[in-house]
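Student: I've got a chain here and I'd like to talk through its charged side chains. Can we start there?

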Amino acid sequence: MSSAISREASGNTSRQQKPQPGWGWRATGLLLGLVLTLVGAGAVFVNAVQGVQATGLVGTRGTFTVHYCTDTNPSRKNSDYECGGAFTSHERADDDKRSGMLENAEDYPAGKKLDVVEGWPGSDMRFRETGIGATSGSVMWLCFGLAILAMGAFQVRKWAKTFKK
């Protein structure tokens with residue numbers, strides 16, 4: 001005798017698969033993951049180089065004497081200062097001064113002396129500050145870059161798997 005609640009055993013015991021998102025959504029997810037991965041890798045590279053420069057381990061180190069600073073952000077909401085002045089290398093004579101620009105600066109008064117390193121190879125007369133503040137700033141942005149890189153790699157892996165099924 002069978003109960004009203006009982007079911008007959010069916011021969012098909014396979015589970016029903018979860019429906020996959022459409023092809024367009026999968027391609028969009030994969031593309032977004034690739035973009036995030038490239039942006040993260042670029043941020044990691046740039047901030048790793050700038051961080052090493054900020055420690056003073058590479059490049060030509062010297063002293064930068066500020067002549068003037070200007071705010072290069074036209075909106076005036078967030079100040080972005082660039083300072084002009086004279087660079088004196090620690091390796092050369094004191095009378096060998098070169099004029100140039102200090103990138104990512106603050107509003108320094110004229111005459112302020114700063115420890116700097118010459119910027120990117122091939123960047124004429126561009127200088128960056130050295131020290132704990134500049135290094136910690138680069139490390140912070142490096143960590144953001146690593147987070148973006150990890151998000152992108154996760155998205156690529158997640159969406160690439162959907163194409164294999």
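Student: How many salt bridges does the count come to?
Tutor: The rule asks for a side-chain nitrogen of Lys or Arg within 4 Å of a carboxyl oxygen of Asp or Glu. This is a predicted model, where local features need pLDDT of at least 70, side-chain atom pairs count only at pLDDT 80 or more, and totals for chains, interfaces and linings use all residues. Side-chain values use heavy atoms, with hydrogens and water left out, and residues are numbered from 1 along each chain as its sequence is written. By that rule, the count comes to four.

Student: Which parts of the chain does the salt bridge of Glu-82 and Arg-126 tie together?
Tutor: The side chains of Glu-82 and Arg-126 meet with N to O at 3.1 Å. Helices (H or I, at least four residues) and strands (E, at least two) are DSSP runs, numbered from the N terminus. Glu-82 lies in residues 81–89 and Arg-126 in residues 126–129, so the pair ties together parts 44 residues apart in sequence: strand E2 and strand E5.

Student: Is Arg-126 buried, partly exposed or exposed?
Tutor: Buried means under 20% relative accessible area and exposed over 50%, with partly exposed in between (1.4 Å probe, protein chains only). Arg-126 has a relative accessible area of 26%, so the label is partly exposed.

Student: And Glu-103, buried or exposed?
Tutor: Glu-103 forms a salt bridge with Arg-126, the closest N and O atoms being 3.4 Å apart. That pair links distant parts of the chain, Glu-103 in strand E3 (residues 97–105) and Arg-126 in strand E5, 23 residues apart. With a relative accessibility of 18%, Glu-103 counts as buried.

Student: How many residues apart in sequence are the parts tied together by Glu-103 and Arg-128?
Tutor: Their side chains meet in a salt bridge, 3.4 Å from N to O. Both Glu-103 and Arg-128 are buried. Glu-103 lies in strand E3 and Arg-128 in strand E5, so the parts tied together are 25 residues apart.

Student: Zooming out, in what order do the elements run?
Tutor: The chain has two helices and five strands. From the N terminus on, the order is α-β-β-β-β-β-α.

Student: And what share of the chain's residues counts as buried?
Tutor: The chain has 165 residues. The share that counts as buried is 29%.
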